[in-house]
Amino acid sequence: MSDFPVNPLVMIGVGSSFAFSGLFYHLYQEKKKELKKLKEIPIFKPDRHLVKVLRASPHKRLQYVAVEGLVQADGEPLASQFVPRCFGVVQKVAAEEHWKYWNTFTRTWNSRTLNKKETKNSVPFSLVSPGVYISDLYVKVQNPLEASGSYMERVYHRVRRAEEGLVNVMLQGLNGEKPVAMEESEELLRVGSTLTGFGEVVLEGGQVMRLQAPQDGREYVLVPTDYRSFIDRHESSASMWKTLTAVTGITGASLLAGVIYNLMGKKNDRSQ
């Protein structure tokens, strides 16, 4: 090996490239499996076709399907606490105080969060087919707060600095603490927004359809987009991992080929 020295940094680059390529390929395969399962889930809209399928199903129940529609409050919607004429059916309001305290050991100001408060509210709502403003066909969404997924839109966010008179800055001299800011935010699932729910759908009373958490343990999910956009996002993610796999693999192969070429060249020079 001493006759044909190899730059250790190059070999580290080769090993790292192949290692990352293997990792990205694993992530690509996992995303590909996830995408395949998602595409196998039947997709419906709140229409007569869904009612017909439910009536023909055992126990008038579909164990795991996707339902896409527009959000419509069953009664009075929730009004935003901060934004005029902004209404929703699920609401989350959060507030927290940001403080700094003096660390006597490091002699620096460190940050911490205090008095974090979060409230969630919801009102009964349903999904209706796009373009239908008055319809007797809809899918009621059961217990949306139990569903996973980032399905709410942030409609308000403000950071109020302490200098605005939020708290008394005299506390700094008394106990080594000083207020920095109060952060407030509000998220809403807005009326009229597109929502896709993944879960179990049951038919009650021959006409009332209900989306709820699956009884077989699968995940109850709400996503703030239509089904096609949801699938496109997963396909883009799979394509990204596939591209990274190819790029890092080609990089590692190119570096390795360069090392071998240089070694063979030096070997030929010595033999001559």
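The largest pocket of this predicted model has a volume of about 250 Å³. A pocket here is an open set of points on a 1 Å grid over the protein atoms alone, with protein on both sides within 12 Å along at least five of seven lines; lining residues have an atom within 4 Å of a point. The volume is the space filled by probe spheres set on the points, which are joined across faces, edges and corners.

By class, the lining has 6 nonpolar, 1 polar and 4 charged residues. Among them are Glu 34, Lys 37, Tyr 64, Arg 218 and His 234. Helix H1 (8-39) and helix H4 (227-271) each give two or more residues. H1 gives the most, with 3. Helices are DSSP runs (H or I, at least four residues), numbered from the N terminus.

The structure holds 12 salt bridges, each a side-chain nitrogen of Lys or Arg within 4 Å of a carboxyl oxygen of Asp or Glu.

| Pair | N to O distance |
|---|---|
| Glu 34 and Lys 31 | 3.2 Å |
| Lys 39 and Glu 235 | 2.8 Å |
| Arg 228 and Glu 235 | 3.5 Å |

Lys 39 lies in H1 and Glu 235 in H4, so this pair ties together parts 196 residues apart in sequence. Salt bridges that share partners join Lys 39, Arg 228, Asp 232 and Glu 235 into one network.

Glu 34 and Lys 31 sit 3 residues apart in H1, about one helical turn. Glu 34 is partly exposed at 35% relative accessible area; Lys 31 is buried at 15%. Buried means under 20%, exposed over 50%, partly exposed in between (1.4 Å probe, protein chains only).

Residues are numbered from 1 along each chain as its sequence is written, and side-chain values use heavy atoms, without hydrogens and water. Local features need pLDDT of at least 70 and side-chain atom pairs count only at pLDDT 80 or more, while totals for chains, interfaces and linings use all residues.

Key. On a 1 Å grid over the protein atoms alone, a cavity is a set of points where a 1.4 Å probe fits but cannot get out, and a pocket is an open set with protein on both sides within 12 Å along at least five of seven lines; lining residues have an atom within 4 Å of a point. Ala, Val, Leu, Ile, Met, Phe, Trp, Tyr, Cys and Pro count as nonpolar, Asp, Glu, Lys and Arg as charged, and the others, Gly among them, as polar.
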